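Hi,

Here is the structure I promised to pass on.

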Amino acid sequence: MVDVVDENKRSLIFFKRLGNECVETYIGYIYQSETDYPACLPLTHDYTPEWDYETRDLSEFGEYEGCIRFALKRAVEELLPALGINCVILFLAEKGALPDNTVGIHVDGTSGCPVIGIDIATLRENLAYREDFTHEIMMTIAHELGHALINQRLDGCDACRHHNEEDAVEEFARDWVDGGNINTAILENFVDQTIADAAPLKSF
């Protein structure tokens with residue numbers, strides 16, 4: 001437990017309970033106590049991104065703040081109910097802080113309430129500083145939520161550890177952002193096939 005909170009670092013938490021509207025909570029990263037979080041937020045872990053990553057505050061991105069909020073709100077309202085996920089935690093990573101020069105990451109072990117990180121500075125550079133890159137932020141969030149669902153479904157399957165789900169989660173994300181479809185079958189089919197492939201061959 002960390003006792004000192006850096007007030008300049010913040011995490012965006014959006015969550016949706018069945019039957020209720022989308023709610024946004026903007027709070028400090030460090031988990032000081034249970035009272036820091038709404039009682040209805042179904043946290044299944046105590047992970048905080050600052051344990052592993054250099055983070056940045058939303059306000060540092062100025063004109064891009066609206067894009068980030070809009071993209072995450074859309075994902076919460078549309079994707080979370082379809083995926084059976086009640087909440088998502090988004091943190092903004094320092095430029096280059098995510099592994100393998102990626103612009104997005106889902107933190108393993110947090111699929112119950114997925115923790116997703118985005119490197120906005122690198123994403124912005126990759127897009128040549130376009131004014132509005134909501135599309136790419138939505139793609140990144142959907143992509144990482146796809147990872148969260150697959151990791152949740154494959155939890156406990158030791159033989160499934162080495163699966164490669166990148167194509168499946170990218171297809172899921174693109175189908176939503178570009179096609180307006182929430183095709184969870186893409187993810188579920190991948191899970192079923194991965195489990196089938198990992199099962200020992202039966203002898204007759």
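Leucine 92 sits opposite isoleucine 118 in β6. The strand that pairs with β6 here is β4 (residues 87–93), joined to β6 by 4 bridges, and the two run parallel. Pairing takes at least two DSSP bridges between the strands, and the elements themselves are DSSP runs numbered from the N terminus: helices are H or I with at least four residues, strands are E with at least two.

Before I go on: this is a predicted model, with local features needing pLDDT of at least 70 and side-chain atom pairs counting only at pLDDT 80 or more, while totals for chains, interfaces and linings use all residues. Residues are numbered from 1 along each chain as its sequence is written, and side-chain values use heavy atoms, with hydrogens and water left out.

Back to β6. Strand β5 (residues 104–106) is joined to β6 by 3 bridges, this time antiparallel, and glycine 104 stands opposite isoleucine 118. In a regular strand, side chains alternate between the two faces of the sheet. In β6 (residues 115–118), Val115 and Gly117 point one way and Ile116 and Ile118 the other, and all are buried, i.e. under 20% relative accessible area, where exposed is over 50% and partly exposed is in between (1.4 Å probe, protein chains only).

Which residues does threonine 140 touch? Leaving out residues up to four places away in sequence, they are Val103, Gly104, Ile118 and Leu123, with contact meaning heavy atoms within 4.5 Å. Threonine 140 belongs to helix α3 (residues 134–153) and counts as buried because its relative accessible area is 8%.

Helix α3 also packs against α5 (residues 185–198), at an angle of about 35 degrees and with the axes 10 Å apart. Axes are lines fitted to C-alpha atoms, for helices over the stretch in contact, and angles run from 0 to 180 degrees between N-to-C directions. Gly146, Leu149, Ile150 and Arg153 of α3 meet Leu187, Glu188, Phe190 and Val191 of α5.

Finally, the aromatics: the count comes to 1 pair. Tyrosine 53 and phenylalanine 91 are stacked, 5.3 Å centre to centre with 25 degrees between the planes. Rings of Phe, Tyr and Trp (its six-membered ring) pair if their centres lie within 6.5 Å; planes under 30 degrees apart are stacked, over 60 edge-to-face, and the rest tilted. The pair links distant parts of the chain, 38 residues apart: tyrosine 53 is in the loop between β2 (23–28) and β3 (55–56), phenylalanine 91 in β4. Both tyrosine 53 and phenylalanine 91 are buried.

Cheers
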